[in-house]
Amino acid sequence: MNANEALLNVIELPKVLSGVNRPYIDWGCFVLQSGCYRSLILTLNIIARLIRNDEIKNPQHPNVELFVDLFRDSHLPWHMEASDWMFEKSERLITRINRFLRDYVRQTKTKEFIKQLSNMRRREKRNALSLLCYCNSLFHVYSRLLVVRVDFHYQPEFYDELSPERVIDDREAFLRSIKREFKWLVGLGWKLEYESQRKFHYHFVFFFDGNKARQDISFGQFLGECWVRITGDIGSYHNCNYEDKNYPEKYLGMIHYSDEQKRRALRHVVYLTKNDENILAISCHGRVRIFGRMETPVRTVERRPRIHASARS
């Protein structure tokens, strides 16, 4: 188990521990190192080490923030280091750990803490509305949009080398490059995610001026190759337009502003705004941007207002 996996475990602990008969850790199960006990003990040891080394400065997920604050205030991270508690019977220390865990679970059920979680998740609704308005603003300027979706990730053998800083730097370099290379690119949105299997990865949706750009599959391939180049050949990609038939709602490819069906399907792009609590859980040094888009386009030439079929009836 590494540091990121331990931090992900922290956000699941309230649910896991609520279903465990207390004490959470007892000597018999502790010696066996079995099941959830082994995972719990590894998580405690890793988070304790991160606290001792001052590697958690400003956690972004409420669960992690609460856990770290309570753990630090208990002084357990330093007492666990001073004793060989993984191999020696230390009933007093284990009792203190159980008390700390009980307090953590109790505080995650308070109204104040639940409100913190609600505030964190409310951001998703605001971002969803913002992205839908952004898509409509693009159609206000361009009569056709070529919509391309590409997922960017990394090759598994390089997972251990990745850090939030490296992944963010790769995204920034990629964005600078494509804005120079793709002159018909008129909009985009992106989202950073972290999963236990695929680790750091991005979902991107690109909007090209459909009056000048064609061949969405080729554009997806070019964008993917650009990502691989920017990451120094450790990146990989999935060209979603190549497998458009696998998507139940067809919003990829060419969309005309008057195509009501495809424009409704385009609403599925709000997947980009869904909260990724995993990213927040492993972000321990301040706020990390997990969602973004290009600037809202501006109409430079006055045109007659477009009237949709629904508005005529």
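The term salt bridge is used for a side-chain nitrogen of Lys or Arg within 4 Å of a carboxyl oxygen of Asp or Glu. Both Asp170 and Arg166 sit in helix 8 (residues 164-181), four residues apart, or about one turn of the helix. Helices (H or I, at least four residues) and strands (E, at least two) are DSSP runs, numbered from the N terminus.

Asp170 is buried at 6% relative accessible area, while Arg166 is partly exposed at 28%. Buried here means under 20% relative accessible area, exposed means over 50%, and partly exposed is in between (1.4 Å probe, protein chains only).

## About the model

This is a predicted model, where local features need pLDDT of at least 70 and side-chain atom pairs count only at pLDDT 80 or more, though totals for chains, interfaces and linings use all residues. Residues are numbered from 1 along each chain as its sequence is written, and side-chain values use heavy atoms, with hydrogens and water left out.

## Salt bridges across the chain

The structure has twelve salt bridges. One of them joins the side chains of Arg121 and Glu277, at 2.7 Å from N to O. Arg121 belongs to helix 7 and Glu277 to helix 11 (residues 277-282), so this pair ties together parts that are 156 residues apart in sequence. Arg121 is partly exposed, at 39% relative accessibility.

Glu181 and Arg229 also meet through their side chains in a salt bridge, with 2.7 Å from N to O. This pair links distant parts of the chain, with Glu181 in helix 8 and Arg229 in helix 9 (residues 216-230), 48 residues apart. Glu181 is partly exposed at 45%, and Arg229 is partly exposed at 46%.

## Helix 4 against helix 7

Helix 4 (residues 62-74) packs with helix 7 at an angle of about 140°, and their axes are 10 Å apart. For these values, axes are lines fitted to C-alpha atoms, for helices over the stretch in contact, and angles run from 0 to 180 degrees between N-to-C directions. From helix 4, Pro62, Asn63, Glu65 and Leu66 meet Phe113, Gln116, Leu117 and Met120 of helix 7. Contact means heavy atoms within 4.5 Å.

## Thr108, in a loop

Thr108 falls in the loop between helix 6 (91-107) and helix 7 (111-141). Is Thr108 buried or exposed? At 10% relative accessibility, Thr108 counts as buried. A polar atom of its side chain lies 2.7 Å from the backbone oxygen of Val105. Setting aside neighbours within four places in sequence, Thr108 is in contact with Pro14, Asn63, Leu66, Phe113 and Ile114.

## Cysteines

How many disulfides are there? The count is zero, taking a disulfide as a pair of cysteine sulfur atoms within 2.5 Å. For Cys135, the nearest cysteine sulfur is that of Cys133, 9.4 Å away. Cys135 is buried at 4%, and Cys226 is buried at 1%.

## Positive phi values

Lys199, a residue other than glycine, has a positive phi near 55°. Lys199 is found in strand 3 (residues 199-209) and is buried at 11%. Asp233 also has a positive phi, near 70°. Asp233 lies in the loop between helix 9 and strand 4 (235-239), and at 52% relative accessibility Asp233 counts as exposed.

Definitions and conventions
Polar contact = N/O pair within 3.5 Å; in protein donor to acceptor, adjacent residues only side chain to side chain.
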